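I opened the model today and kept notes as I went. The entries below follow the order of my look-ups.

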Amino acid sequence: MSRPSKLRLILADDHPVLREGLSLILGLLPDMAVADQASTGEEAFALFLKLEPDVLILDLQMPGEGGCVAVERLLKKRPSAKILILTTYETIEDIYRTMLAGATGYVLKDAPRDELILAIRTVASGQRYMSRTAGAKLAGRIGAPQITERELSVLRCIAAGQANKEIADALSISEGTVKRPRE
């Protein structure tokens with residue numbers, strides 16, 4: 001009888017010590033192997049397409065293309081991709097946008113090691129996973145309005161082909177607000 005193959009993982013985070021530490025921890029498990037690491041969303045995207053891991057463990061905020069954009073972009077190319085967000089960002093909108101984008105799971109970096117391992121295995125099996133804290137915040141978001149007036153204004157400008165700076169100038173808001181209109 002053959003041994004089941006290990007879950008192949010890609011770790012994407014802009015903090016090298018975190019990536020290396022996670023790689024060491026996960027590498028000790030008999031059912032997991034870190035296939036590669038990335039420090040940006042763009043690198044994670046390219047590595048995923050090249051290596052096709054079982055799970056991509058992705059930080060939400062990284063230089064360049066952030067996690068939410070990487071999730072959307074990757075799922076357009078590989079709709080069956082399993083993406084576990086591992087982040088310090090726990091605002092309702094971060095969680096909501098990321099799950100809406102199609103992430104398979106969401107865990108905070110302060111989670112115990114056993115929870116992260118459970119999350120990886122759960123996501124790898126095709127099920128969704130959400131840490132208790134993130135789940136409680138998301139549950140509170142469900143009854144909230146789906147889109148604000150500011151978001152609608154930003155979307156209209158995007159549909160008109162305007163760049164972030166043009167939208168910011170037209171609506172008298174910062175470029176950061178254009179990128180995250182609800183906050």
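How exposed is K109? I looked up K109 and got a relative accessible area of 25%, which makes K109 partly exposed. The cut-offs are under 20% relative accessible area for buried, over 50% for exposed and partly exposed in between, with a 1.4 Å probe and protein chains only.

**Ground rules**

I am working from a predicted model, where local features need pLDDT of at least 70, side-chain atom pairs count only at pLDDT 80 or more, and totals for chains, interfaces and linings use all residues. Residues are numbered from 1 along each chain as its sequence is written, and side-chain values use heavy atoms, with hydrogens and water left out.

**Entry: salt bridges**

I stayed with K109 and asked for its partner. K109 forms a salt bridge with D13, with the closest N and O atoms 2.6 Å apart. The term needs a side-chain nitrogen of Lys or Arg within 4 Å of a carboxyl oxygen of Asp or Glu. Side chains of opposite charge can pair when their charged atoms come close.

I then checked where the two residues sit. K109 is in the loop between β5 and α5 (113-124), and D13 is in the loop between β1 and α1. They are 96 residues apart, so the pair links distant parts of the chain. Helices here are DSSP runs of H or I with at least four residues, strands are E runs of at least two, and both are numbered from the N terminus. D13 is buried, at a relative accessible area of 4%.

How many salt bridges does the rule give? I got 6.

I noted a pair within helix α4. R97 and D94 meet through their side chains at 3.5 Å, N to O. They lie 3 residues apart in α4, about one turn of the helix. R97 is partly exposed at 23%, while D94 is buried at 4%.

I found another pair in helix α8 (residues 164-171). K165 and D169 are 4 residues apart there, about one helical turn. Their salt bridge is 3.5 Å, N to O. D169 counts as exposed, at 52% relative accessibility. I also noted a network: salt bridges that share partners join D13, D59 and K109.

**Entry: strand β1**

Is β1 buried or exposed? I found 5 of its 6 residues buried, so β1 is largely enclosed by the rest of the structure.

Next I traced its neighbours. Strands count as paired if DSSP finds at least two bridges between them. β1 runs parallel to β2 (residues 32-38), joined by 6 bridges. β1 also pairs with β3 in the parallel sense, over 4 bridges.

β1, helix α1 (residues 16-27) and β2 make a right-handed β-α-β unit. Right-handed means that, with the strands pointing away from the viewer, the path from the first strand over the helix to the second runs clockwise.

**Entry: strand β4**

I looked up burial for β4 and got 5 of 5 residues buried, so β4 is largely enclosed by the rest of the structure. I83, I85 and T87 point one way, and L84 and L86 point the other way.

β3 and β4 pair in the parallel sense over 3 bridges. L56 has I83 as its bridge partner in β4. On the β5 side, 4 bridges join β4 to β5, again parallel. L86 has V107 as its bridge partner in β5.

**Entry: nonpolar cores**

Which residues have the most contacts inside the largest nonpolar core? I got L56, L58, V71, I83, I85 and Y106, in a core of 28 residues. Such a core is a set of buried Ala, Val, Leu, Ile, Met, Phe, Trp, Tyr and Cys residues joined through side-chain atoms within 4.5 Å. Elements that each supply at least two residues include β1, β3 (55-58), β4 (83-87) and α6 (132-141). The largest share, 5 residues, comes from α3.

I also found a second, separate core of 20 residues. L26, L84, A111 and A119 are among them.

**Entry: a charge over a ring**

I ended on F45. R73 lies over the face of F45, at 3.6 Å from the ring centre. The rule asks for NZ of Lys or CZ of Arg within 6 Å of the ring centre and within 35 degrees of the ring normal.
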